[in-house]
Amino acid sequence: MFKRLQEKWGVSTRQFWILFIVFGLTGITTATLTRYITSWLGMDETSFWLWKLLLRVGMLLFGYQVILLSYGFLLGQWAFFWKYEKKLLFRLGFTSLAPKTTHTKPPTAIAIFASGAGSNARKIIEHLKGHVSIQVALIVCNKPGAGVLAIARTHQIPTLLIEKERFFKGDAYLAELQEHHIRFIVLAGFLWKVPDALIKAYPDKIINIHPALLPKYGGKGMYGMRVHEAVIAAGEKESGITIHYVNEHFDEGTPIFQARCPVAPGDTPEELAQKIHALEHRYFPEIVEKTVGN
Ligand code: GRF
């Protein structure tokens with residue numbers, strides 16, 4: 001129930017609890033104040049019921065709102081409560097306070113998971129910069145000092161450095177992902193296997209890119225140069241990229257997109273890697289955009 005309310009309000013867990021405290025304090029203060037005013041006016045059980053009712057309704061309609069705004073202001077939540085009040089006043093007939101409805105839907109937040117240089121992450125970030133409905137809200141990395149962290153800093157995107165223990169045996173950092181309202185995860189050169197906890201929390205919402213034409217040259221241990229070495233050793237005439245959803249098995253999720261490039265006789269693994277990177281940079285950002293946008 002709390003989670004749904006939090007999502008509806010579109011706030012972080014911390015802010016959610018502060019709002020809760022504001023509502024609690026307002027309730028207690030309104031009740032106490034009503035009691036004081038009643039006795040100050042000399043009202044008791046013998047007083048005419050209508051006066052008592054009017055006082056209570058008045059306190060609830062106006063006193064409560066003012067107290068709510070005051071606590072909201074004191075606890076740094078003015079913007080949230082003022083918007084809340086405006087909605088209420090609008091319903092009571094103050095139409096000039098109509099809430100603005102244009103662009104109120106927040107953009108879909110995505111997290112990019114990367115372990116290395118982050119050239120794909122950079123391309124995606126640049127492609128989605130200023131996008132109206134998709135936002136790269138978090139960069140998740142498992143390697144201190146990885147290039148992708150510097151890219152995130154340049155673009156002022158929050159980063160999360162994760163540790164093995166909590167990723168595989170704890171909550172897989174779900175709390176932080178939820179705090180940033182992450183709806184999609186994009187793996188761009190992320191070398192750890194995605195734990196079941198994340199796959200369950202994001203069904204068909206995790207996208208990976210693999211530097212070969214799956215189902216060939218995929219699976220455990222098939223990453224980076226090893227893939228290109230294997231492709232060349234097998235004498236393949238072409239290779240390519242596969243963008244796919246992630247399931248509980250390495251590189252076996254439903255494919256979303258593939259693109260191909262030739263493997264020339266005499267190509268070294270490094271040369272093939274360059275061709276593959278060019279394909280990735282060309283297609284990955286727009287496929288991410290399409291998949292998240294659907
Ligand atoms: C890419 O080749 C991708 O296919 C693989 O890891 C590489 C990441 O490269 N999963 P970069 O860090 O984006 O430059």
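**Exercise 1. Two helices in contact**

Which residues in H3 meet which residues in H4? Describe also how the two helices cross.

*Solution.* The model is a predicted one.

Step 1. Locate the helices: H3 covers residues 49–74 and H4 covers residues 78–91.

Step 2. List the contacts. On the H3 side are Gln65, Leu68, Leu69, Gly72 and Phe73; on the H4 side they meet Trp78, Phe81, Trp82, Tyr84, Glu85 and Leu88.

Step 3. A pair of packed helices is described by the distance between the axes and the angle between them.

Step 4. Apply them. The axes of H3 and H4 come within 8 Å, and they cross at roughly 160°.

Step 5. Classify the angle. Angles over 145 degrees count as roughly antiparallel, so H3 is roughly antiparallel to H4. The crossing of H3 past H4 is left-handed.

**Exercise 2. The sheet and its edges**

Give the strand order of the sheet, and explain why one side of E3 and of E7 is left without a neighbour in the sheet.

*Solution.* 

Step 1. Read off the order. The sheet is open and has seven strands, arranged E3-E2-E1-E4-E5-E6-E7, with mixed pairing.

Step 2. Find the edges. Strands E3 (159–161) and E7 (255–262) each have a single partner strand, so one side of each has no neighbour in the sheet. From one strand to the next, the twist averages 20°.

Step 3. E3 pairs with E2 (residues 134–141) in the parallel sense, over three bridges. Cys141 stands opposite Leu161 of E3.

Step 4. H11 (residues 269–293) lies across several strands, including E1 (108–114), E2 and E7, and runs at about 155° to E7.

**Exercise 3. Cysteines**

Are Cys141 and Cys261 buried or exposed, and how many disulfides does the count give?

*Solution.* 

Step 1. Take the cut-off: buried means under 20% relative accessible area.

Step 2. Compare. Cys141 has 0% and is therefore buried. Cys261 has 8%, so Cys261 is buried as well.

Step 3. Count disulfides. A disulfide needs a pair of cysteine sulfur atoms within 2.5 Å; the count comes to zero.

**Exercise 4. The setting of His228**

State which helix holds His228 and which residues His228 touches.

*Solution.* 

Step 1. The relative accessible area of His228 is 4%, so His228 is buried.

Step 2. List the contacts. Leaving out residues up to four places away in sequence, His228 touches Pro211, Pro269, Leu272, Ala273 and Ile276.

Definitions and conventions: Residues are numbered from 1 along each chain as its sequence is written. This is a predicted model: local features need pLDDT of at least 70, side-chain atom pairs count only at pLDDT 80 or more; totals for chains, interfaces and linings use all residues. Side-chain values use heavy atoms; hydrogens and water are left out. Two strands pair if DSSP finds at least two bridges between them. Helices (H or I, at least four residues) and strands (E, at least two) are DSSP runs, numbered from the N terminus. Axes are lines fitted to C-alpha atoms, for helices over the stretch in contact, and angles run from 0 to 180 degrees between N-to-C directions. Contact means heavy atoms within 4.5 Å. Buried means under 20% relative accessible area, exposed over 50%, partly exposed in between (1.4 Å probe, protein chains only). Angles under 35 degrees count as roughly parallel, over 145 as roughly antiparallel, 65 to 115 as roughly perpendicular and the rest as oblique. A crossing is left-handed if the near helix is turned anticlockwise from the far one by less than a right angle, and right-handed if clockwise.
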